[in-house]
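The sequence and structure are displayed first, and the discussion follows.

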Amino acid sequence: MLRRELTFCCHQGLTITQAKQLCRLAGLFKSQILFINISRRQRAEASSQLALLTLATQPGDLCQLLIEGLDAELAHMAFTCWCVELGQPLGRPATSARAEQRLAAALPDYGFSLAQLGHSSAPLDKALALQVMVDLLPAERVRDRAALEQAIAAREQLAATIIRPGLAMPHVICPAITRPTLSLLSCDEPLPWGSALGPVQTIILLAIPAGLAPEQLRPLTRLARALMDKVVSTALLHASSAPARQAIVIDSLLS
């Protein structure tokens, strides 16, 4: 079964006319097509105009079309044109600018550039994956790499940090970090994580300096809460580009 996705920033909201167009377009294909409003943590079948309107999609909402079926490739091409009319599809590196600007304006201490996202097409084990994720962190925010790696390993020995099937979030509070930072690694091959929930394919590392005030930790709390939500975690696991994954994480940090 083929699966394709389109993650996009909705510039205009979803009007009655646009919902009708989407519903009519979905009826042309055999694939199941879900419209996911990531910002509002809701989803609806694209074939139901009423269900689409109940999402109350507003300008600025981050959304995703998830397409699954034998004609998913053809449907993906058709819906790409529709998404361009509605907003900004997130696929090319240049499309990451808006999300990064939002984060810089709201949380200047939290940088999350495309350089902090990685992808592995080769099989990895857990130890190597964690090393890769430390490599992705901005060097200027890591005071002592060895101490950070030791803290991460010690945390993983306490309990596996998987938060939903397919998604892990290793996290540490460590004086080896100068400012809050994170990295993301997506893997083609499922990666054993030592949990009854099974292997993972997307990992987010949170590295937090010691002594942060509670209000400085709230964005990370929002991120963790969002990624435990089935709608958001599904969107992240199915996102097929670094700008899409980045936008989902940033949206979760901010809302």
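## Surroundings of Q64

Q64 touches E5, L6, T7, F8, L34, F35, I36, I38, A235, H238, A239 and I248, leaving aside residues up to four places away in sequence; contact here means heavy atoms within 4.5 Å. Q64 is located in strand β4, which covers residues 62–68. Helices (H or I, at least four residues) and strands (E, at least two) are DSSP runs, numbered from the N terminus. The relative accessible area of Q64 is 0%, so this residue is buried. The classes are buried for under 20% relative accessible area, exposed for over 50%, and partly exposed in between, with a 1.4 Å probe and protein chains only.

Two polar interactions involve the side chain of Q64.

## Basis of the model

The model is predicted: local features need pLDDT of at least 70, side-chain atom pairs count only at pLDDT 80 or more, and totals for chains, interfaces and linings use all residues. Residues are numbered from 1 along each chain as its sequence is written, and side-chain values use heavy atoms, with hydrogens and water left out.

## Annotated regions

In an unreviewed entry, UniProt lists residues 1–93 as "domain: HPr". The C-alpha atoms at the ends of residues 1–93 are 28 Å apart, and the span is 34% helix and 30% strand. For residues 110–255, the unreviewed entry in UniProt gives "domain: PTS EIIA type-2". Here the end C-alpha atoms lie 14 Å apart, with 42% helix and 23% strand in the span. UniProt positions are given in the numbering used here, feature names are shortened, and annotations may be inferred rather than shown by experiment.

## Cysteines

How many disulfides does the whole structure contain? The search finds zero, a disulfide being a pair of cysteine sulfur atoms within 2.5 Å. For C81, the closest cysteine sulfur is that of C83, at 9.4 Å, which is too far for a bond. C81 is exposed, with a relative accessible area of 51%, whereas C174 is buried at 5%.

## Salt bridges

The count of salt bridges is eight, each defined as a side-chain nitrogen of Lys or Arg within 4 Å of a carboxyl oxygen of Asp or Glu. One of them pairs R3 with E68, with the closest N and O atoms 3.4 Å apart. Because R3 lies in strand β1 (residues 3–10) and E68 in strand β4, this pair ties together parts that are 65 residues apart in sequence. Both partners are partly exposed, R3 at 40% and E68 at 29%.

R102 and D251 form another salt bridge, their closest N and O atoms being 3.5 Å apart. R102 belongs to helix α4 (residues 97–106) and D251 to helix α9 (residues 242–254), so the pair connects parts 149 residues apart in sequence. R102 is partly exposed at 30%, while D251 is buried at 4%. K126 is joined to E156 at 2.7 Å between the closest N and O atoms. This pair links helix α5 (residues 126–136), which holds K126, with helix α6 (residues 145–158), which holds E156.

Terms used
Polar contact = N/O pair within 3.5 Å; in protein donor to acceptor, adjacent residues only side chain to side chain.
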